[in-house]
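Biologist: Could you take a close look at one part of this model for me? I'd like to go through some aromatic rings with you.

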Amino acid sequence: MDLKGIVNRMNKTNKHIVVLSWIAVVAMAGIIFWMSANTGTNINQGLGIISAIKGFLSSIALSIFGHEVDVSPVGHFTEYFIFGVLLLNALRFHMPLWRAALIALLIGSGYGVTDEIHQYFVPDRSCDPMDWLVDTIAVGIGALICRYAVKKTSERKKTKS
């Protein structure tokens, strides 16, 4: 294969990676939306492994603190941490890493606002500004960790070349 063929193949591979990265972002946004569309009762009892994990975390919190503790911020943090990682991963193909991290934070935080508004209309759920704050912090941490990993990986590749 000649040099032009190799470059064309690399460009196709990169395009596929970019498309897959954005599909992952959209899929995670869909998962967040789906989770928010579930009633409080359904999350506690009707979502199989998710309900079991929430029950497990609640029982651990009860044994540690001696009273009921709302563990939903753990779910929010987990969802939005993953969302931040996926956003930065997709955005890095289009802009410098520092800008990608900032844009990921803005998009993730904005999506968190719409998520809380959505929950206002779902039975047994509420619009909680503290959940939005957890979402925003989680997106930021996820994006920063991903930024650091991407930067370290690219530095490693440069030193090997």
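How many residues apart are Y80 and F83 in helix α4, and what does that spacing come to in helical turns?

Modeller: Keep in mind that this is a predicted model. Y80 and F83 sit three residues apart in helix α4, which covers residues 72-91, so about one helical turn separates them. A search through the whole structure turns up four aromatic pairs, and Y80 with F83 is one of them: the geometry is edge-to-face, with 6.0 Å centre to centre and 85 degrees between the planes. That angle gets the edge-to-face label because the cut-off for it is over 60 degrees. As for burial, Y80 is at 0% relative accessibility, so it counts as buried. F83 comes in at 2% and therefore counts as buried too.

Now follow F83 onward, since F83 also pairs with Y111. This one is tilted, at 5.4 Å centre to centre with 50 degrees between the planes. Y111 has 22% relative accessibility, so it counts as partly exposed; the buried label would need a value under 20%.

How values were computed
Residues numbered from 1 in each chain as written. Predicted model: local features only at pLDDT ≥ 70, side-chain atom pairs only at ≥ 80, totals over all residues. Heavy atoms only, no water. Phe/Tyr/Trp six-rings, centres within 6.5 Å; stacked < 30°, edge-to-face > 60°. Helix = DSSP H or I, 4+ residues; strand = E, 2+ residues; numbered from the N terminus. Buried < 20%, exposed > 50% of the residue type's maximum accessible area, 1.4 Å probe, protein only.
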